[in-house]
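Welcome! Here is a short tour of one protein structure, with a look at its inner space and its aromatic rings.

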Amino acid sequence: MSGWELAAVIFALLYLVLAVRQVIWCWLAALISTSIYLVLFFEGKLYAESGLQVFYMVMAVYGWWQWRYGGAQKSELKVSLWSGRSHLVWLTVIAASTLALGNYLANQTDASLPFEDAFTTSGAIVATFMTARKVLENWYYWFVIDAVSIHLYLERGFVLTAALFVLYLVLIVIGFLSWRNDYVAQAHE
């Protein structure tokens, strides 16, 4: 555990708390946290997770833009749902990319836990896009991804980050309930 990991955890926690409340500044907290994690994970030989941090940095800008201007008439974005077919397509993409990336990491690098690393990375790409578009079901995806991430981080010695992800599991439930309430309220407007 380092001071840098502590800083990354604080900003990551701030991101999720603000995202639960649908406060646009969550994306700035995400940008800061992911910048720190990029270095930490690369040093820990979690290469897919390192690459994921670059993606998160780009998505922080995209998410801010979407939440600010992604709604009808360039208004604030509202919570929405995906169809069952959309979920089937994206779950298939996650499974296929996990196998492809996991095989690559296992055979071409010295990556630690290549398939878990590949799964959390592949799933997080889809879940982050869902969050940026305010798709309610993103919370289901995050719950599974974060549960697997706890093991991944403990194995690589990121104890504080693993503890953060345990807290994330609680916040994910709160986030889902909050966003669901907003979705229901929107339907009655």
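The report below starts with the cavity and then turns to the rings. Please keep in mind that this is a predicted model.

## The space inside

Rolling a probe the size of a water molecule over the atoms shows where empty space is left. In this model the count comes to one cavity of 30 Å³ or more. The largest cavity holds about 440 Å³ of space.

Its lining is made up of 31 residues, and Y15, Y56, W142, F165 and Y168 lie nearest the centre. Several helices take part: helix 1 (3-20), helix 2 (26-43), helix 3 (47-69), helix 5 (114-132), helix 6 (138-155) and helix 7 (159-187) each supply at least two lining residues. Helix 6 gives the most, with seven residues. By class, the lining has 20 nonpolar, nine polar and two charged residues.

## Aromatic pairs

A search of the whole structure finds 16 aromatic pairs. One of them joins W27 and W67 edge-to-face, at 5.5 Å centre to centre and 85° between the planes. This pair links distant parts of the chain, with W27 in helix 2 and W67 in helix 3, 40 residues apart. W27 is buried, with a relative accessible area of 4%, and W67 is buried too, at 3%.

Y153 and F165 also form an edge-to-face pair, with 5.0 Å between centres and 70° between planes. Here Y153 belongs to helix 6 and F165 to helix 7, 12 residues apart. Both residues are buried.

## A cluster and a charge

Y153 and F165 belong to one aromatic cluster together with Y37, F41, F158 and Y168.

Notes
Residues are numbered from 1 along each chain as its sequence is written. This is a predicted model: local features need pLDDT of at least 70, side-chain atom pairs count only at pLDDT 80 or more; totals for chains, interfaces and linings use all residues. Side-chain values use heavy atoms; hydrogens and water are left out. On a 1 Å grid over the protein atoms alone, a cavity is a set of points where a 1.4 Å probe fits but cannot get out, and a pocket is an open set with protein on both sides within 12 Å along at least five of seven lines; lining residues have an atom within 4 Å of a point. Grid points are joined across faces, edges and corners, and a volume is the space filled by probe spheres set on the points. Helices (H or I, at least four residues) and strands (E, at least two) are DSSP runs, numbered from the N terminus. Ala, Val, Leu, Ile, Met, Phe, Trp, Tyr, Cys and Pro count as nonpolar, Asp, Glu, Lys and Arg as charged, and the others, Gly among them, as polar. Rings of Phe, Tyr and Trp (its six-membered ring) pair if their centres lie within 6.5 Å; planes under 30 degrees apart count as stacked, over 60 as edge-to-face and the rest as tilted. Buried means under 20% relative accessible area, exposed over 50%, partly exposed in between (1.4 Å probe, protein chains only).
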